[in-house]
Amino acid sequence: MTIVLPKDGFMDKKDFSLLSSVAIKEFNFSFDELLQTIEEKLSQGGAKAITEHICNWLSVVISNNYSETVLTKMETTCCETPYWLRHGKTQKTMQTSFGKLNLNLQRMKCHNCHTTHNPFNIFFDLKDRRHSYELEMKAVTVLADQSYRRTCKHLSLISGSSLTKNQLHRIVLNSDLKKQDLKIRNDLQVLAADGTGYKPHSEDSKQELKIVMGIDSNQKLIPVGAWIRSSWAQIGREIKKANYPNKKLAFKPVANILLSDGDRNLIKGLKPLTLHQQRCQWHFVRDFKYAYKYQDKGDDAEAKRLTNELWDMIQRVEPKNMNLENTTPDEGTLKILAEVKKAEKELEELEIKLKKENLNSAAVYVHNARLQLLNHLRELLKSGEEVAKVTSRVERFMRELGRRLKRIAHNWSEAGAEIMARILLNKTLDPIGWDKYWQEKMKISGNIELNVKMVHST
């Protein structure tokens, strides 16, 4: 395979020609053999050889046009009057999805200050980089569903990449995926949060992975962030700082309602970010039984009875179960408010009853949840929009996160688990933003095209 170049390295049309050869020993081969041979050549050396030739050619072209293409890319020039002359060649290796490229690049030397430069590295910003972002994108996309070791094998099979497990691990740890943009640009109805454990590097340590996400008016999940090394109070301060640009103005909450499973530290750390709170109704019923039966040593049969009554009460106050079809809007509103007050009165009476029976853990649990359990109905009456009342959608994502962190791999470092959580959070909940992130990182401009032309024999 050969690239045809002008002697001076310039091209008027700024294109190039590729010549390839096919050797046929004998006209006795199958169509599948033809396809297999083409696939082997392209995966094992064809695409790699083409890329190396193009890069070496671009190195010559960029060097000959350094005043227009390179100096504009430099933050500061080497001297006041740079005048570059050719100064031999330099070698550079780059890990790509085609494999390891061995490039032979043009080097330049300033005639005035005698500093040497590599125009190719300056133009493409490759001075301190040994891998391509397109390789990083493919590797991270596969890594979201597989382990590091299997990801390397997968890339080797589909693209011929020679990336090792340790190299991939360094790429991920050094990437800017560990940084988070906590600026919330959507109008959120709900701010939801949850935590889950994972298998840390040290077996003696116990770590919790914390996830925060939002729900907009279209009931779409919006990623916010993932943390391990921060408490809920620190997380709340970080989100507030990112969304509080003007200290002279009052802080505007990032969401209307905070939806949680009732964790005290979570509520205390994140409630300043919202106007109201909504306790997850499913967690309320389930965790009440734990508080009654295990913490207060209550009777099992009585715990089941109270649990069923609580669930029946929650179902009773739902508008769909109130037969509001033949009522006016005002009558429907009054009926819903009456049912809400009745349900809260029943919870208050249950709290008093539990205190009299010295079931203090269950009583405190009911007290903390009573005023936040039915806020979704108040919001429905106020704005006409339905608000999430259970954390089921958050729980589904947490199960997927647990599958990747607990079942596929273990022995995580804090940094590694945090990055993997942020990868899954953004890739799963915001695929459009995920693609946009890589388009911007790879600086896709559409200014280069590659055309393959077929020449037919006559």
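In this predicted model, the side of the chain around Phe-397 may be described through its contacts: leaving aside residues up to four places away in sequence, Phe-397 touches Ile-211 and Met-213, together with Leu-424, Leu-425, Thr-428 and Leu-429. In soluble globular proteins, nonpolar side chains tend to be buried together.

Nonpolar residues are also found on the surface, where Phe-29, Phe-31, Leu-34, Leu-35 and Ile-38 form a patch with about 480 Å² of accessible area together. Of these residues, Ile-38 lies in helix H1, which covers residues 31–64, and Ile-38 is classed as partly exposed because its relative accessible area is 43%, a value that falls between the limits of 20% for buried and 50% for exposed.

The cysteines were examined as well, and the count of disulfides comes to 0. Cys-110 is in no disulfide, the nearest cysteine sulfur being that of Cys-113 at 3.5 Å, whereas a disulfide would require the two sulfur atoms to be within 2.5 Å. Cys-110 counts as buried, since its relative accessibility is 1%, and Cys-280 is likewise buried, with a relative accessible area of 2%.

Definitions and conventions: Residues are numbered from 1 along each chain as its sequence is written. This is a predicted model: local features need pLDDT of at least 70, side-chain atom pairs count only at pLDDT 80 or more; totals for chains, interfaces and linings use all residues. Side-chain values use heavy atoms; hydrogens and water are left out. Contact means heavy atoms within 4.5 Å. Patches are made of residues with over 30% relative accessible area and no salt bridge: like charges are joined within 9 Å, nonpolar side chains (Val, Leu, Ile, Met, Phe, Trp, Tyr) within 5 Å. Accessible areas come from the Shrake-Rupley method with a 1.4 Å probe; for residues, only the protein chains shown count as cover. A salt bridge is a side-chain nitrogen of Lys or Arg within 4 Å of a carboxyl oxygen of Asp or Glu. Helices (H or I, at least four residues) and strands (E, at least two) are DSSP runs, numbered from the N terminus. Buried means under 20% relative accessible area, exposed over 50%, partly exposed in between (1.4 Å probe, protein chains only).
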